[in-house]
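I opened my notebook to look up a few residues and what lies around them. Here is what I wrote down.

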Amino acid sequence: MNKNNIILIGFMGTGKTTLGRRVAERLGWAFVDMDERIEEKEERGIPSIFESQGEDYFRRVETAVLAELAEGTNQVISTGGGCVLREENRRLMAAAGTIVALKASPRTIVDRVRGDANRPLLQGDLEQRVAGLLEQRKEAYDFADLTLMTDERSLEEMVEELAALAA
Ligand code: S3P
(Lines give C-alpha, C1' and ligand atoms only; values in the text may rest on other atoms or scores of the structure.)
Protein backbone atom coordinates (compact mmCIF):
# COMPACT_ATOMS: atom_id res chain seq x y z
CA MET A 1 0.00 0.00 0.00
CA ASN A 2 1.14 3.52 -0.77
CA LYS A 3 2.07 5.75 2.09
CA ASN A 4 -0.07 8.67 3.11
CA ASN A 5 1.55 11.47 1.18
CA ILE A 6 0.28 13.70 -1.59
CA ILE A 7 2.94 14.58 -4.14
CA LEU A 8 2.36 17.52 -6.44
CA ILE A 9 4.15 17.51 -9.77
CA GLY A 10 3.87 19.97 -12.64
CA PHE A 11 5.64 22.60 -14.67
CA MET A 12 6.91 25.79 -13.02
CA GLY A 13 4.08 28.20 -12.32
CA THR A 14 1.28 25.64 -12.25
CA GLY A 15 0.51 26.41 -8.59
CA LYS A 16 2.11 23.50 -6.72
CA THR A 17 3.25 25.57 -3.76
CA THR A 18 0.05 27.62 -3.39
CA LEU A 19 -2.23 24.59 -3.60
CA GLY A 20 0.10 22.34 -1.61
CA ARG A 21 0.21 24.71 1.36
CA ARG A 22 -3.57 24.94 1.44
CA VAL A 23 -4.12 21.19 1.21
CA ALA A 24 -1.60 20.55 4.00
CA GLU A 25 -3.34 23.14 6.21
CA ARG A 26 -6.70 21.58 5.49
CA LEU A 27 -5.46 18.08 6.41
CA GLY A 28 -3.20 19.10 9.30
CA TRP A 29 -0.31 17.51 7.41
CA ALA A 30 3.20 18.86 6.96
CA PHE A 31 3.84 20.90 3.83
CA VAL A 32 7.22 20.43 2.20
CA ASP A 33 8.49 22.52 -0.69
CA MET A 34 11.35 20.54 -2.22
CA ASP A 35 13.08 23.62 -3.65
CA GLU A 36 13.17 25.13 -0.15
CA ARG A 37 14.58 21.90 1.29
CA ILE A 38 17.29 21.87 -1.36
CA GLU A 39 18.18 25.49 -0.56
CA GLU A 40 18.36 24.71 3.17
CA LYS A 41 20.51 21.66 2.59
CA GLU A 42 22.87 23.54 0.28
CA GLU A 43 22.72 26.79 2.28
CA ARG A 44 22.25 28.88 -0.86
CA GLY A 45 19.65 29.74 -3.46
CA ILE A 46 18.78 27.65 -6.51
CA PRO A 47 20.28 30.11 -9.03
CA SER A 48 23.58 29.92 -7.16
CA ILE A 49 23.53 26.09 -7.17
CA PHE A 50 22.87 26.04 -10.93
CA GLU A 51 25.51 28.65 -11.57
CA SER A 52 28.34 27.20 -9.54
CA GLN A 53 27.71 23.47 -9.89
CA GLY A 54 25.35 23.02 -12.77
CA GLU A 55 21.99 21.38 -13.31
CA ASP A 56 23.27 17.80 -12.93
CA TYR A 57 24.46 18.54 -9.44
CA PHE A 58 21.12 20.18 -8.60
CA ARG A 59 19.32 17.07 -9.88
CA ARG A 60 21.42 14.81 -7.64
CA VAL A 61 20.57 16.89 -4.57
CA GLU A 62 16.91 16.88 -5.64
CA THR A 63 16.89 13.06 -5.72
CA ALA A 64 18.58 12.86 -2.31
CA VAL A 65 15.93 15.18 -0.82
CA LEU A 66 13.11 13.20 -2.41
CA ALA A 67 14.53 9.91 -1.09
CA GLU A 68 14.52 11.35 2.45
CA LEU A 69 10.98 12.66 2.11
CA ALA A 70 9.74 9.35 0.72
CA GLU A 71 10.47 7.80 4.12
CA GLY A 72 7.94 10.08 5.80
CA THR A 73 4.17 10.15 5.89
CA ASN A 74 1.28 12.65 6.15
CA GLN A 75 3.06 15.20 4.03
CA VAL A 76 2.02 17.28 1.06
CA ILE A 77 5.14 17.51 -1.07
CA SER A 78 5.56 20.18 -3.72
CA THR A 79 8.24 19.00 -6.17
CA GLY A 80 10.27 21.14 -8.56
CA GLY A 81 9.07 21.17 -12.15
CA GLY A 82 11.97 19.02 -13.35
CA CYS A 83 11.79 16.42 -10.58
CA VAL A 84 9.79 14.09 -12.84
CA LEU A 85 12.60 13.82 -15.38
CA ARG A 86 14.55 11.12 -13.57
CA GLU A 87 13.20 7.59 -13.60
CA GLU A 88 14.51 7.08 -10.07
CA ASN A 89 12.44 10.04 -8.86
CA ARG A 90 9.31 8.73 -10.53
CA ARG A 91 9.79 5.42 -8.71
CA LEU A 92 10.37 7.15 -5.37
CA MET A 93 7.22 9.24 -5.84
CA ALA A 94 5.07 6.27 -6.80
CA ALA A 95 6.16 4.42 -3.67
CA ALA A 96 5.63 7.47 -1.46
CA GLY A 97 1.99 8.30 -2.13
CA THR A 98 -0.62 9.69 -4.47
CA ILE A 99 0.78 11.74 -7.33
CA VAL A 100 -1.19 14.75 -8.53
CA ALA A 101 -0.15 16.65 -11.67
CA LEU A 102 -1.01 20.34 -11.95
CA LYS A 103 -1.33 21.87 -15.40
CA ALA A 104 -1.96 25.38 -16.69
CA SER A 105 -1.95 27.05 -20.08
CA PRO A 106 1.35 28.49 -21.37
CA ARG A 107 -0.19 31.98 -21.01
CA THR A 108 -0.99 31.44 -17.33
CA ILE A 109 2.45 29.99 -16.69
CA VAL A 110 4.20 32.94 -18.32
CA ASP A 111 2.08 35.41 -16.33
CA ARG A 112 2.79 33.63 -13.06
CA VAL A 113 6.55 33.30 -13.43
CA ARG A 114 7.29 36.66 -15.05
CA GLY A 115 10.05 38.61 -13.28
CA ASP A 116 11.08 35.68 -11.08
CA ALA A 117 14.87 35.60 -10.87
CA ASN A 118 14.77 32.41 -8.83
CA ARG A 119 14.17 30.09 -11.77
CA PRO A 120 17.43 29.68 -13.68
CA LEU A 121 15.80 27.71 -16.51
CA LEU A 122 13.52 30.63 -17.36
CA GLN A 123 16.06 33.41 -17.74
CA GLY A 124 16.17 35.06 -21.17
CA ASP A 125 13.19 35.28 -23.50
CA LEU A 126 10.45 34.07 -21.16
CA GLU A 127 7.81 33.11 -23.75
CA GLN A 128 10.39 31.16 -25.72
CA ARG A 129 11.88 29.41 -22.69
CA VAL A 130 8.45 28.34 -21.42
CA ALA A 131 7.32 27.13 -24.85
CA GLY A 132 10.57 25.18 -25.40
CA LEU A 133 10.53 23.47 -22.02
CA LEU A 134 6.81 22.69 -22.25
CA GLU A 135 7.47 21.02 -25.58
CA GLN A 136 10.39 19.03 -24.14
CA ARG A 137 8.29 17.96 -21.17
CA LYS A 138 5.08 17.43 -23.08
CA GLU A 139 4.29 14.03 -21.56
CA ALA A 140 6.53 14.24 -18.53
CA TYR A 141 3.73 14.73 -16.03
CA ASP A 142 1.32 12.18 -17.45
CA PHE A 143 2.19 9.36 -15.04
CA ALA A 144 0.22 11.06 -12.23
CA ASP A 145 -2.75 9.40 -10.54
CA LEU A 146 -4.79 12.56 -11.06
CA THR A 147 -4.39 15.72 -13.17
CA LEU A 148 -5.88 19.15 -12.41
CA MET A 149 -6.03 22.14 -14.77
CA THR A 150 -5.35 24.85 -12.22
CA ASP A 151 -6.42 27.79 -14.34
CA GLU A 152 -9.87 26.36 -14.85
CA ARG A 153 -10.72 25.58 -11.25
CA SER A 154 -11.14 27.52 -8.02
CA LEU A 155 -8.52 27.04 -5.34
CA GLU A 156 -11.17 26.02 -2.79
CA GLU A 157 -12.55 23.33 -5.05
CA MET A 158 -9.09 21.89 -5.72
CA VAL A 159 -8.21 21.92 -2.02
CA GLU A 160 -11.32 19.87 -1.27
CA GLU A 161 -10.67 17.44 -4.10
CA LEU A 162 -7.13 16.79 -2.97
CA ALA A 163 -8.01 16.63 0.72
CA ALA A 164 -10.49 13.86 -0.14
CA LEU A 165 -7.57 11.77 -1.46
CA ALA A 166 -6.31 11.46 2.09
CA ALA A 167 -9.53 10.00 3.45
C1 S3P B 1 12.81 23.52 -12.23
C2 S3P B 1 11.76 23.98 -11.46
C3 S3P B 1 11.95 24.75 -10.22
C4 S3P B 1 13.30 24.41 -9.57
C5 S3P B 1 14.41 24.55 -10.55
C6 S3P B 1 14.23 23.68 -11.80
C7 S3P B 1 12.52 22.79 -13.47
O8 S3P B 1 10.89 24.46 -9.31
O9 S3P B 1 13.27 23.10 -9.04
O10 S3P B 1 14.49 25.90 -10.91
O11 S3P B 1 13.42 22.10 -14.01
O12 S3P B 1 11.34 22.86 -13.96
P13 S3P B 1 9.38 25.06 -9.45
O14 S3P B 1 8.64 24.15 -10.37
O15 S3P B 1 8.88 24.97 -8.05
O16 S3P B 1 9.52 26.43 -9.95
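I began with Gly81 and found it in the loop between strand E3 (75-78) and helix H4 (87-96). Helices (H or I, at least four residues) and strands (E, at least two) are DSSP runs, numbered from the N terminus. This is a predicted model, where local features need pLDDT of at least 70, side-chain atom pairs count only at pLDDT 80 or more, and totals for chains, interfaces and linings use all residues. Residues are numbered from 1 along each chain as its sequence is written.

Next I asked myself: is Gly81 buried or exposed? Gly81 is buried, because 24 other C-beta atoms lie within 10 Å. My cut-offs: 20 or more is buried, 12 or fewer is exposed, and in between is partly exposed, with C-beta atoms placed from the backbone. Leaving aside neighbours within four places in sequence, Gly81 is in contact (C-beta atoms, placed from the backbone, within 7 Å) with Gly10, Phe11 and Met12.

Then I turned to Asp35, in helix H2 (residues 34-42). Asp35 is buried too, with 22 other C-beta atoms within 10 Å. Beyond four places in sequence, I noted its contacts with Ile46 and Gly80.

I also checked the UniProt record: its unreviewed entry has a "binding site" annotation covering Asp35, Arg59, Gly81 and Arg137. UniProt positions are given in the numbering used here, feature names are shortened, and annotations may be inferred rather than shown by experiment.

Thr17 lies in helix H1 (residues 16-27) and is partly exposed, with 15 other C-beta atoms within 10 Å.

Key
Two residues are in contact if their C-beta atoms, placed from the backbone, lie within 7 Å.
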